[in-house]
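Here are some notes for a colleague who is opening this model now and would like to know where to look.

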Amino acid sequence: MQTTVENSAPQAGPMLWTARALYGLATLFMLFDSGAKLFVAPGVADAFRRQDMSLSLAPVIATILLALTVLYVIPRTSVFGAVLLTGYFGGACACNLRAGFGPFETLFPVIFGIVVWAPIYLLNKDVRRLIPVLRR
């Protein structure tokens with residue numbers, strides 16, 4: 001059974017271009033977020049302070065996110081990368097909830113998890129078979 005995104009991708013059309021755009025958006029955001037955490041941008045320092053987390057964890061979290069992003073962008077490991085990113089985003093959601101962040105900040109990782117899975121869902125028939133969306 002093939003689970004790579006490339007092997008099950010449609011040849012052309014709106015679904016392919018939508019998936020590519022979402023892949024690009026998700027990847028760029030995760031690279032930007034990794035960089036911000038790696039170089040401890042002021043917004044990152046503020047968020048870590050509000051979460052009561054040690055700022056020394058920022059580079060560690062950045063490295064984890066970068067490794068998961070690499071798995072996500074490699075076609076043969078994209079589904080595995082998305083599964084691991086789902087856990088990462090779940091942890092981010094839990095940290096934000098525990099810190100008392102607002103609804104948007106708390107739910108943003110969940111929304112972004114959907115953005116991460118959307119291109120895989122659009123391009124991979126095996127994933128579509130596992131998570132059917134019925135049309136009526």
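1. A charge is said to sit over a ring if NZ of Lys or CZ of Arg is within 6 Å of the ring centre and within 35 degrees of the ring normal. In this predicted model, arginine 20 lies over the face of tryptophan 17, at 4.6 Å from the ring centre, and the charged end of arginine 50 sits over the ring of phenylalanine 101, 4.1 Å from its centre.

2. The count of aromatic pairs comes to 7. In one of them, the rings of tyrosine 23 and tyrosine 72 have centres 5.0 Å apart and planes at 40 degrees, so the pair is tilted. This pair links distant parts of the chain, with tyrosine 23 in helix H1 and tyrosine 72 in helix H3, 49 residues apart. Tyrosine 23 counts as buried at 16% relative accessibility, and tyrosine 72 is buried with a relative accessible area of 0%.

3. Phenylalanine 89 and phenylalanine 112 form an edge-to-face pair, 5.5 Å centre to centre with 85 degrees between the planes; phenylalanine 89 belongs to helix H4 and phenylalanine 112 to helix H5, and both residues are buried. They also take part in one aromatic cluster, together with Phe29, Tyr88, Phe104 and Phe108.

4. The largest pocket has a volume of about 720 Å³ and is lined by 28 residues, of which Asp33, Lys37, Gln51, Ala92 and Asn96 lie nearest its centre. Helices H1, H2, H3, H4 and H5 each supply at least two residues of this lining, which by class has 20 nonpolar, 4 polar and 4 charged residues.

How values were computed: Residues are numbered from 1 along each chain as its sequence is written. This is a predicted model: local features need pLDDT of at least 70, side-chain atom pairs count only at pLDDT 80 or more; totals for chains, interfaces and linings use all residues. Side-chain values use heavy atoms; hydrogens and water are left out. On a 1 Å grid over the protein atoms alone, a cavity is a set of points where a 1.4 Å probe fits but cannot get out, and a pocket is an open set with protein on both sides within 12 Å along at least five of seven lines; lining residues have an atom within 4 Å of a point. Grid points are joined across faces, edges and corners, and a volume is the space filled by probe spheres set on the points. Helices (H or I, at least four residues) and strands (E, at least two) are DSSP runs, numbered from the N terminus. Ala, Val, Leu, Ile, Met, Phe, Trp, Tyr, Cys and Pro count as nonpolar, Asp, Glu, Lys and Arg as charged, and the others, Gly among them, as polar. Rings of Phe, Tyr and Trp (its six-membered ring) pair if their centres lie within 6.5 Å; planes under 30 degrees apart count as stacked, over 60 as edge-to-face and the rest as tilted. Buried means under 20% relative accessible area, exposed over 50%, partly exposed in between (1.4 Å probe, protein chains only).
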